[in-house]
Amino acid sequence: MNLKRTITRKLFLVPLFTMLFSMVMSGCSDDKDGLQESQYGYVQFKIYKSASYVQEEATQSSVIPTRATALDKLGEAQKVEIEMQYNGKSITQTLVLNAYNESNAEYGVRSDKLQLLVGDYKIVGYKLLGKLDNVVTGISADENETFTVVSQGLTVKDLTVDAQTRGTVTFKLTKDGLSTRASDNSEYLFSDIKVIDVTVINTFTQIRTTFEGLKVKYAEDSKENQNPDNPDDKYMDIGTAKCDSAVWLTAGTYRVSSYTTYSKKGAITKELATHTVQGGEEFTITDNQLTEDAIVPIKLSETAEYIKDYKALKEIWEKLDGKNWGYHGIGSPEGTNWNFNKELDMWGNQPGVSLNDEGRVTGLSIEGFGAKGKVPDAIGQLTELRVLALGSHSETAGGRLFTNENMQESQKQKVRMNYKEMFLDYDPRIEMSELLQNSVNRNPKMKAIKKDNRIHLKDTQIGNYTNQITHVSKAVMRLTKLQQFYMGNSPLLAENICTDWIDENSEYAKQYKDEAANWSWKSMTELTDIELYNCSKLTTLPEFLYEIPEMQVLNIACSRGIKGTKLTQDWERLADPDHSESAKKIQILYMSYNNLEVFPENEYLKNMEKLGLLDCMSNKITTLHPFGSDIKLTQLNLNYNKIKEIPEKFCGFTDQVETLSFAHNELEYIPNIFNANSVYVMGSVDFSYNNIGINNGENIKDPGSYTGINASTVTLSFNKISKFPTELFKANSPITTITLNNNLLEKIPQYSLSSKDGNGKEFKNTYLLGTIDLRFNKLTELSDDFRATTLPYLTNMDVSFNRFSEFPTQPLNSSVLQAFGIRHQRNAAGERCLRDWPTGITKCPSLLQLQIGSNDIRKVNEEMTPKLWILDIKDNPNISIDLTSICPYIEAGMYMLIYDKTQDIRGCDALDIKR
């Protein structure tokens with residue numbers, strides 16, 4: 001290497017011109033100033049270590065032999081004192097030496113430029129001076145050591161000096177195999193090393209040198225290695241770590257003798273381990289040369305718990321037919337499998353596996369991989385496990401449910417609510433007409449109506465499995481930190497879940513056999529969430545459920561192998577404190593899509609003090625027994641059953657209720673289980689698709705004792721209601737939206753929404769009513785109850801698919817009415833019966849949308865206004881209307897007209913009406 005060429009930094013030097021030459025005009029300054037510029041040139045001296053000096057062929061310099069005591073570091077020299085001869089005269093000059101820094105000085109230093117008369121000079125000798133101008137070393141030059149100064153040029157003269165030879169080295173950390181010797185201070189991850197102290201020993205002098213605080217960078221790479229489990233995988237994953245800076249060492253042969261590793265998080269540095277290295281790999285330091293990747297062999301321990309975890313993972317993978325796994329779902333690419341073609345300490349890096357900072361396995365989710373077989377005894381090694389998911393309700397519809405085992409309480413609650421959101425949640429207002437839904441969603445003051453995104457029964461594929469796991473080892477009982485245990489979509493039987501060893505001769509069973517006598521589910525105090533979803537071969541709930549001391553969530557949906565009577569018995573036992581550790585602690589119980597027919601008696605249900613969410617959708621329930629009003633639910637879903645009556649004091653309700661669902665049953669009366677005078681107003685209560693009103697048109701079984709409904713939205717669509725449910729308003733129910741479509745209403749008498757006494761004084765909360773859906777009934781008129789005096793906040797109303805022959809004008813005087821629908825009016829004979837346009841309707845102060853299509857509207861004499869900017873007149877074959885006044889708005893896209901091109905519409909050619 002040409003060291004001279006490596007020194008390329010520009011130096012800003014002040015030329016020194018203090019020499020007096022006896023041969024130049026006897027010292028007169030005027031004469032000196034008069035010399036021609038061509039009589040002068042410059043010289044610069046460069047000083048190198050003699051051990052690494054290589055002369056550049058193109059220069060006129062030569063190496064000057066060194067004759068003095070060696071310097072420790074070339075950077076110690078701050079100045080050079082040069083003695084020269086010119087024309088027999090002696091000249092001595094002291095020049096400052098420069099280098100970028102002390103480290104760079106090892107590659108050479110250079111002096112300030114010196115201005116001299118042109119000619120030949122001989123170097124007699126030179127001294128190197130230290131910071132205090134002390135002589136560091138002195139050197140005598142050979143007789144023939146000269147240099148020439150050329151006119152107006154720069155001559156560079158190389159000088160050499162004996163100095164301690166040293167070079168630089170970088171360190172590379174490698175994994176020193178996996179020792180079988182236990183070592184407490186080796187239980188850390190290779191990737192955790194962020195800082196290292198390295199001690200090296202000179203193999204000749206035995207002198208040790210320590211470098212402290214070297215920063216380490218970790219990276220993952222690969223090397224060629226055939227994966228025995230996958231012929232297409234020819235590269236192994238490896239981890240590498242290197243120090244990011246080079247350090248200086250005196251020349252010689254070395255090896256690493258010891259090291260101390262550290263982790264670092266933010267400003268906190270923590271010592272990991274200190275090790276002495278026996279027989280480390282040797283490396284050589286050459287003067288001014290860089291030696292790369294001197295090996296620091298990091299000792300890892302095969303007895304480290306995280307390494308044992310990874311071996312257990314491979315055992316689990318192999319026993320569950322891992323070679324044939326292929327992920328299906330959201331969270332990993334289609335067909336993904338685990339890969340063990342990597343260094344052992346990297347085996348934990350698998351899809352569906354979560355690790356903590358110490359590398360221990362804390363989350364194991366194999367949902368979606370298609371596992372097959374028996375979960376082996378090796379599962380007991382994963383003692384830091386928080387989440388174990390062998391299958392779940394979401395894997396076919398939503399993908400992997402668990403992505404982080406260190407969940408905050410809010411994240412855990414979101415996982416708990418996932419089943420509800422996927423299969424249960426819906427907005428009952430979805431039953432309202434499109435007109436009403438659009439109007440509600442346009443109003444920023446009203447809660448928007450959510451689309452029904454539930455996964456329905458046909459999508460759950462009850463009895464179709466995503467895995468073939470048949471047994472789970474009882475070694476799960478060793479996982480005392482487990483918080484969530486999910487099993488799903490499996491042909492599991494209750495007697496095969498955590499009841500026995502999978503292989504009594506396995507190394508794990510032998511290891512745990514002595515301690516197993518002390519295992520107890522009662523020790524699983526952190527296990528709160530359990531799921532046995534779509535395990536349709538279960539004929540009873542597994543025994544371990546009754547022993548869990550802190551169970552808060554239980555999902556046994558789609559367990560259709562359990563008969564109805566047995567499921568009732570299991571629920572009774574689950575709610576009995578004498579037989580169930582969690583009877584008073586269960587908060588969420590999912591039991592949809594089962595065979596339940598009868599609720600347990602009150603003596604059991606009253607114990608479920610913390611129950612907040614109960615899901616019994618799509619069972620075969622005919623008989624309900626009450627929890628009692630002391631049990632306050634937040635969510636209740638009894639949809640799709642055969643319930644005819646809900647007993648009083650069935651349960652209480654909290655202030656957090658959003659939706660209570662009783663739809664698709666056989667209810668004959670609106671149940672008296674609420675209290676309109678409660679300070680808590682629920683979101684909605686759904687009684688749609690029942691038989692309410694079937695008993696002589698009576699909607700309430702005992703009107704005199706009826707206490708109303710403390711809900712904003714009440715859905716009564718698709719019932720047998722022939723009498724308007726006045727009792728709801730008489731009991732002062734704070735209803736803002738009521739849906740009564742698809743019933744048998746023929747008339748809504750006066751005082752249905754207000755009392756007769758007090759000259760039509762409204763019931764206390766009737767004024768809150770703002771949205772009414774009366775479609776698909778047999779109404780011919782509306783009473784004066786629908787005027788603004790009773791319903792001042794009436795905003796949206798739809799009476800389509802009834803029998804109105806005259807437009808009901810009562811609601812039009814509401815100052816906030818925005819949408820009104822009166823489509824498809826037919827008399828008893830099925831004939832169109834609404835013919836007259838409601839003249840003056842465009843003067844309604846806030847009306848934005850009118851649907852009057854599918855009628856027999858004739859001549860429209862009213863001038864249209866852009867204030868009413870959504871108008872449906874489609875399917876009025878005899879209509880005649882002039883739209884001249886709003887045509888510019890139609891052309892500009894600021895007016896929505898729903899019409900037929902064959903209708904008699906005038907004044908707007910943009911509509912392309914067929915004449």
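Under the rule that a disulfide is a pair of cysteine sulfur atoms within 2.5 Å, the count in this predicted model comes to one disulfide. A disulfide is a covalent bond between the sulfur atoms of two cysteines. The pair is Cys887 and Cys908, with sulfur atoms 2.2 Å apart. The link of Cys887 and Cys908 is right-handed, with 70 degrees about the S-S bond. Cys887 lies in helix 14 (residues 887–891) and Cys908 in the segment after strand 43 (904–906), so the pair ties together parts that are 21 residues apart in sequence. Helices (H or I, at least four residues) and strands (E, at least two) are DSSP runs, numbered from the N terminus. Both Cys887 and Cys908 are buried, where buried means under 20% relative accessible area, exposed over 50%, and partly exposed in between (1.4 Å probe, protein chains only).

Residues are numbered from 1 along each chain as its sequence is written. Local features need pLDDT of at least 70, side-chain atom pairs count only at pLDDT 80 or more, and totals for chains, interfaces and linings use all residues, while side-chain values use heavy atoms, with hydrogens and water left out.

Cys535 is in no disulfide, and the nearest cysteine sulfur, that of Cys558, is 9.8 Å away. Cys535 counts as buried, at 0% relative accessibility. Cys651 is likewise in no disulfide; the nearest cysteine sulfur belongs to Cys616 and is 11 Å away. Cys651 is buried, with a relative accessible area of 4%.

A cavity is a set of points where a 1.4 Å probe fits but cannot get out, and a pocket is an open set with protein on both sides within 12 Å along at least five of seven lines; lining residues have an atom within 4 Å of a point. Grid points are joined across faces, edges and corners, and a volume is the space filled by probe spheres set on the points.

The largest pocket has a volume of about 790 Å³. Its lining consists of 34 residues, and Asp427, Arg429, Lys447, Ala448 and Thr713 lie nearest its centre. Helix 6, strand 33 (682–686) and strand 34 (711–715) are the elements that give two or more residues to this lining. By class, the lining of the largest pocket holds eight nonpolar, 14 polar and 12 charged residues. In this division Ala, Val, Leu, Ile, Met, Phe, Trp, Tyr, Cys and Pro count as nonpolar, Asp, Glu, Lys and Arg as charged, and the others, Gly among them, as polar.

The second largest pocket contains about 390 Å³ of space. It is lined by 19 residues, of which Cys651, Gly652, Ile673, Phe674 and Asn675 are the closest to its centre. Strand 29 (628–633) and strand 31 (651–653) each supply at least two residues of this lining, and strand 31 gives the most, with three residues. Seven nonpolar, eight polar and four charged residues make up the lining of the second largest pocket.

Two cavities of 30 Å³ or more are present in the structure. The largest cavity holds about 100 Å³ of space. Helix 6 (418–424), strand 28 (613–615), strand 30 (635–637) and strand 32 (659–661) each supply at least two residues of its lining. Among the lining residues are Lys420, Tyr426, Asp615, Gln635 and Ser661. The lining of the largest cavity divides into five nonpolar, four polar and three charged residues.

The second largest cavity has a volume of about 60 Å³. Its lining includes His393, Arg416, Tyr486, Glu531 and Asn555. The largest share, three residues, comes from strand 25. The residues of this lining divide into six nonpolar, two polar and three charged.

Asn855 is placed in the loop between strand 39 (849–851) and strand 40 (870–872). At 0% relative accessibility, Asn855 counts as buried. Its side chain reaches the backbone nitrogen of Gln825 at 2.9 Å and the backbone oxygen of Ile852 at 3.1 Å. Leaving aside neighbours within four places in sequence, Asn855 is in contact (heavy atoms within 4.5 Å) with residues including Ile822, Gln825, Arg832, Asp875 and Pro877.

Technical notes:
1 Å grid on protein atoms, 1.4 Å probe; cavity = no way out; pocket = protein on both sides within 12 Å on 5 of 7 lines; lining within 4 Å. Polar contact = N/O pair within 3.5 Å; in protein donor to acceptor, adjacent residues only side chain to side chain.
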